[in-house]
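Open the model in your viewer and keep the selection panel at hand. We will go stop by stop.

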Amino acid sequence: YLARIVAVAQDNAAARVLVVNMHPFLSVARFLRNIENIYIADGNLVDSERALNPRTISMPALPIATGAAPALESRDILASFQGVASHPIRHALASIADGKKIIVNLVDGSNYAGKVNALTKTRDGQYEALLGNSVFAFVPRGDANFSYRLLEVMSFGCIPVILSDGWVLPFDRLLQWNTFSMRFSSDAIPMIPRVLGSLGDKEISSRFKEVQRMYEAHFKDLDCIVGTLFDELDTL
């Protein structure tokens with residue numbers, strides 16, 4: 001597969017070749033770093049790959065669940081997460097949950113694998129209700145650095161709290177993620193309740209509105225995502 005891509009690039013040396021890689025464990029950015037006219041959009045791009053190959057764009061994974069964004073005033077959970085305990089970061093999240101303001105539900109993967117499906121519109125009502133009632137939503141890494149949760153929580157209007165050391169956030173050259181999300185290193189998880197609890201209403205409202213604006217402009221469907229991808233490609 002990679003050899004065919006290299007052949008296409010070499011046969012079209014005057015053109016840019018865009019390769020989209022959504023395989024979480026295949027480092028296409030490393031393999032193709034020496035082919036100057038190949039640009040890579042990667043769903044699991046990390047800092048070391050970007051440093052090695054600057055012709056890389058971080059792509060978001062398409063969400064499995066999406067929904068509407070209820071009003072901020074109707075939400076009475078500060079932050080939440082529901083998912084499989086596939087990484088120690090998720091266990092660390094569970095340790096800061098109080099069951100009221102911070103809710104972390106670690107679930108059995110067999111309850112979800114093949115059962116929640118965006119194409120067949122098979123939904124998880126409990127998960128969606130949790131997001132619709134949460135101001136912030138945790139986006140921790142799992143087996144890979146990226147997370148399907150990112151666009152899911154944004155679709156519900158939740159402010160993402162990103163926990164994935166080294167992950168290059170989608171379209172990072174274009175979007176100012178610090179204006180509509182929070183990000184913590186894995187060793188700072190114990191500080192999260194205090195930090196989130198200290199944010200004023202004005203700042204939370206600003207991030208809440210910006211999440212919805214960014215989602216509508218760049219992530220709400222495949223057309224938006226591809227359009228933003230080409231916008232960032234133009235910056236390169």
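**Salt bridges**

Seven salt bridges are counted here, taking a side-chain nitrogen of Lys or Arg within 4 Å of a carboxyl oxygen of Asp or Glu. Note that this is a predicted model. Select D234 and R16. Their side chains meet in a salt bridge, 3.9 Å from N to O. Side chains of opposite charge can pair when their charged atoms come close.

**The three-stranded sheet**

Next, select β1, β2 and β3. They form an open sheet in the order β1-β2-β3, and the pairing is parallel. Colour β1 (17-21) and β3 (56-58): these are the edge strands, each pairing on one side only. Neighbouring strands in this sheet are turned by 20 degrees against each other on average, direction ignored.

Zoom in on β1 and strand β2 (residues 38-42). Five bridges join the two, which run parallel. Pick V17 to find one partner: I38, in β2.

**The five-stranded sheet**

Move to the other open sheet. Which order do its five strands take? Reading across, the order is β5-β4-β6-β7-β8, with parallel pairing. β5 (102-107) and β8 (182-183) stand at the edges; each has a single partner strand, so one side of each is left without a neighbour in the sheet.

Select strand β7 (residues 159-163) together with β8. Two bridges pair them in the parallel sense. V161 has M182 of β8 as its bridge partner.

Then show helix α4 (residues 88-96). α4 packs on the sheet and touches β4 (77-84), β5, β6 (134-140) and β7. Its direction makes about 140 degrees with that of β5.

**Where α8 meets α9**

Keep α8 and bring α9 back. Their axes come within 6 Å and cross at roughly 85 degrees. That angle makes α8 roughly perpendicular to α9, because 65 to 115 degrees counts as such. From α8, select E216, A217, H218 and F219; from α9, select C224, I225 and T228. These two groups are in contact.

**Last stop: a surface patch**

Switch to a surface view. Select L62, L222, V226 and F230. They form a nonpolar patch on the surface. Together they have about 350 Å² of accessible area.

Definitions and conventions
Residues are numbered from 1 along each chain as its sequence is written. This is a predicted model: local features need pLDDT of at least 70, side-chain atom pairs count only at pLDDT 80 or more; totals for chains, interfaces and linings use all residues. Side-chain values use heavy atoms; hydrogens and water are left out. Patches are made of residues with over 30% relative accessible area and no salt bridge: like charges are joined within 9 Å, nonpolar side chains (Val, Leu, Ile, Met, Phe, Trp, Tyr) within 5 Å. Accessible areas come from the Shrake-Rupley method with a 1.4 Å probe; for residues, only the protein chains shown count as cover. Two strands pair if DSSP finds at least two bridges between them. Helices (H or I, at least four residues) and strands (E, at least two) are DSSP runs, numbered from the N terminus. Axes are lines fitted to C-alpha atoms, for helices over the stretch in contact, and angles run from 0 to 180 degrees between N-to-C directions. Contact means heavy atoms within 4.5 Å. Angles under 35 degrees count as roughly parallel, over 145 as roughly antiparallel, 65 to 115 as roughly perpendicular and the rest as oblique.
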